[in-house]
Structure formats: structure tokens, C-alpha cells
Amino acid sequence: MECSLYIHVPFCAGSCDYCDFYSVPGFKPDLSAGNYTLVKYVNRVLLDLQDAMRAFHVKSVPTVFIGGGTPSVLGPVLMKELLQGIASLLPRGGSGLEEFTVEANPESCSEAFIAVCKDYGISRISLGVQSFNRASRKAVHRLGEVRELGDRLALVLEAFPSGFSADLIAGLPFQTEKILLDDIEKLVSYKPAHISLYALTIEEGTPLAGQYAKIEAASQAPRLNSPDNIDRLWLAGRDALEKAGYHQYEVSNFCKPGKECKHNLRYWRMKNWLGAGPAASSTIIDDNTGRGVRFTNTPDIEAWLARQSGEPPPRQEEWLDAVTLIKETLLMGFRYIEGPDAKLFKQRFKIGLEDAIPRTLSRWRERGLAEEAPPNPARAGLGKKGILFLDRFLIDAFAEIDAHRVKSTAKQCPRLAN
Ligand code: SF4
């Protein structure tokens with residue numbers, strides 16, 4: 001089976017107020033492999049990867065992504081061990097590997113860390129910049145000195161001139177349009193091949209959501225941007241990125257030609273992946289039956305580490321029927337500007353994408369919010385305008401799928417009828 005790999009490194013130096021990823025704060029980069037928790041983590045995650053790859057007979061790995069958390073807190077010594085361990089697990093000596101990404105935060109992305117990444121197979125570093133503005137960073141407890149950001153960006157560019165990505169957030173506290181546009185100008189001057197521009201999301205249960213809840217109207221608090229303002233800022237950022245030569249290829253992702261993130265494209269196109277580490281998930285879909293399984297590891301480092309050897313990680317297991325997967329395929333696929341993989345959709349669900357949601361597609365096309373179907377439809381995307389209304393599109397598409405289910409007989413469409 002062909003399968004991508006995701007490794008979740010759930011450690012961070014601090015705790016950012018807007019973050020709802022699973023991470024454990026208080027970890028500094030380990031320079032000598034002396035941190036017992038980190039050492040145990042690396043050993044365990046490699047064993048889990050090995051077990052999962054054996055269980056699913058993984059014969060080919062096109063992409064690997066080490067994310068977090070903050071993978072760079074592992075430091076150069078443990079990162080080297082992790083990378084060597086992953087390399088030893090890759091089928092055919094890793095010859096089919098097209099992309100190998102690691103996420104890093106500037107404050108722990110040292111010269112030694114970058115050198116290890118370069119020497120041990122990483123092809124792409126994704127740097128969490130978020131903002132160059134001191135007040136914005138401080139307001140959300142984002143660690144790292146602004147004066148160090150430029151140096152780290154220059155180091156990454158030197159080592160990975162064509163495989164360097166960076167993240168920014170639009171809508172942070174204290175951020176004005178000018179501040180965001182200055183951030184974009186500064187980041188672009190370091191020539192990353194890929195930029196992710198996220199609109200700040202106020203995730204329930206985060207400290208930031210608590211701050212928003214305290215005020216009746218966020219727009220009345222000068223330091224917090226209202227939801228409308230966040231959208232406005234993101235749109236201004238999008239236009240600035242397009243002007244600087246970065247084309248939008250997904251809801252929040254922009255790149256120079258040919259520099260899309262191959263690993264994330266596999267998620268958006270619902271290709272199989274195995275995840276290892278606390279909170280990591282795996283999704284495996286049978287292309288012939290349109291059914292699948294998902295494992296989601298419990299977000300608990302203690303429980304994850306406390307296992308006897310040979311025991312699987314504490315996790316939830318979910319069997320996915322075809323209708324659930326059709327909806328997920330639409331949800332993920334229409335994030336990508338070119339839409340879901342129509343060929344794979346037909347193969348898995350025995351119905352063409354155009355036949356699964358014909359009314360929705362034709363209504364959205366009439367309004368100019370979805371691309372016209374090419375004569376031989378290999379793609380059916382929303383395009384840049386339509387993607388702004390993705391949530392509304394999905395409501396229409398899911399309603400049509402549900403209506404189909406009621407009417408469908410197993411003969412018309414076995415997948416939709418189940
Ligand atoms: S560094 Fe990243 S993963 Fe860690 S707390 Fe901040 S946003 Fe979350």
C-alpha cells in the first residue's frame with residue numbers, strides 16, 4: 001500500500017494563547033539527548049511507526065511530515081536519531097520519497113538543527129514565524145525574539161533555497177493592515193517558496209477565546225481584532241501575497257509555481273496516511289469499497305509513554321462508511337483550489353463527482369463561484385472567489401448528498417445508499 005507518514009512531536013517551549021493543538025509546554029531544545037521524556041518519545045514513536053507500517057503493509061511512502069507541537073525542541077541530536085530511524089523504515093531505502101517536511105519554530109531552529117535536517121533527508125522546513133510584531137506576539141504569548149527571526153529565516157533559506165515555507169497569522173491582537181502588510185513584505189524578502197497565511201481562529205477553550213468572551217464586542221477592544229476585521233486583514237494579506245507572486249492553491253496556502261506542499265495535498269485529496277505520536281491520527285481508505293478506518297491517538301503524553309512494549313497506543317478507532325467518506329472528501333477536497341481528485345472519487349465511490357452533487361455544482365457555477373467543468377472533468381474546484389464561501393458550499397453539497405441517500409437505491413448508487 002502507498003501511504004504518507006505523519007509524526008506528531010507534542011512538545012513546545014511555551015503555550016500560545018490561540019493554540020488548540022495538543023502540545024506539552026516547558027521544553028527547551030535538547031542539545032545532548034539528555035531529556036528523558038524526549039529520548040523515550042523518539043524511541044517509542046519509531047516503534048509505533050514500524051508497527052503501523054507492518055500492519056498496513058506499507059510498500060511505498062511518497063511524503064513524510066514531522067509536525068507538532070514544535071519538532072525543533074528535539075534539538076539536533078534527537079532529531080538526527082529520529083530521522084535516521086525513519087530512514088531505516090522507509091521501503092526501498094526511501095527511493096520513492098518525494099517530500100520530507102519538518103516544522104520548526106525560529107527560536108529552536110539552530111544552525112546545528114538545520115544542518116542535521118539537511119544531512120538526514122529533510123527536503124522542506126516549515127517555519128512558524130506568525131508575526132514580526134512584538135506587541136502582537138507578546139499579546140498571545142508567542143515566544144521567540146523578533147530580532148532573531150531574520151537570522152533564522154536567512155539560515156533556513158541558505159540551507160533550503162527551494163524547500164522553505166513560513167507561516168503568518170492575520171488578525172492577531174494589535175495587528176493593523178499596515179502591520180500585516182509590513183510582515184508580508186519582510187517575509188517575502190527572505191524568498192520562501194511557500195507561505196501559509198492563516199486567519200486567526202478563536203478556538204473554544206483556548207485562553208484567547210476567554211479574552212474574546214470577556215468583551216461584549218471584540219471591535220470595541222482596541223487590542224483584539226473583531227471577526228470581521230480578521231477577515232478583512234486576511235483578504236488584504238491574500239492580495240499582497242498574490243501581488244508578490246505567490247498563488248493561492250488552498251484556503252490558507254500560497255506558493256511559487258510548483259511549490260505546493262505535497263504532503264498536505266495528500267490530506268486534501270484524501271489519500272492514505274499513517275500518524276504516530278500522541279494526538280496523531282491515521283486514515284486508511286479502501287479504494288475499491290469506498291470504506292475506511294481512522295485511528296486517533298489519545299492526546300496524553302503520559303498514557304502514550306506508559307505502555308508496555310508491543311501494546312498499541314491509546315487511541316480511538318472509527319470505521320468510516322462510504323457516505324461519511326464522500327462528505328469528508330468534499331470537505332477536504334474543496335479546500336484545494338482545483339477541487340477533489342475526481343478520478344479517485346469515481347474509483348472509490350462508484351459515482352462521478354459531477355453526479356454526486358450536480359445541483360450544487362451547477363448552481364455555484366451559474367453564480368460564477370465554481371469553475372466550469374472541463375470536457376473531461378479531472379477537476380471541479382471552487383476557484384479563488386468561491387473558496388471564500390466554502391462553508392456555504394459544503395452545506396449545499398451535504399444537503400444534496402443526504403437527499404440522494406433518501407432516494408438512492410442500491411442499484412443506482414450502492415455507495416450513496418448505504
Ligand atoms: S508553538 Fe505552535 S504548537 Fe506550540 S503552543 Fe504555540 S502554536 Fe501551539
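Domain bounds here come from an automatic or database domain assignment. The model is predicted: local features need pLDDT of at least 70, side-chain atom pairs count only at pLDDT 80 or more, and totals for chains, interfaces and linings use all residues. Residues are numbered from 1 along each chain as its sequence is written.

**Exercise 1.** State which domains the protein chain has, and describe their contact.

*Solution.* The assignment gives domain 1 (4–267) and domain 2 (322–418). Their C-alpha centres lie 31 Å apart. The contact (C-beta atoms, placed from the backbone, within 7 Å) takes 6 residues from domain 1 and 7 residues from domain 2. On the domain 1 side, strand 7 (247–250) and helix 9 (262–268) each supply at least two residues. Strand 7 gives the most, with 3 residues. Helices (H or I, at least four residues) and strands (E, at least two) are DSSP runs, numbered from the N terminus.

**Exercise 2.** Find which residues of helix 3 are buried, and where they lie on the helix.

*Solution.* Helix 3 spans residues 111–119. Phe 113, Ile 114, Val 116 and Cys 117 are buried (20 or more other C-beta atoms within 10 Å of the residue's own). Just after helix 3, Gly 121 takes a positive phi of about 105°.

Terms used. Buried ≥ 20, exposed ≤ 12 C-beta atoms within 10 Å, placed from the backbone. Arc of directions from axis to C-beta. Contact = placed C-beta atoms within 7 Å.
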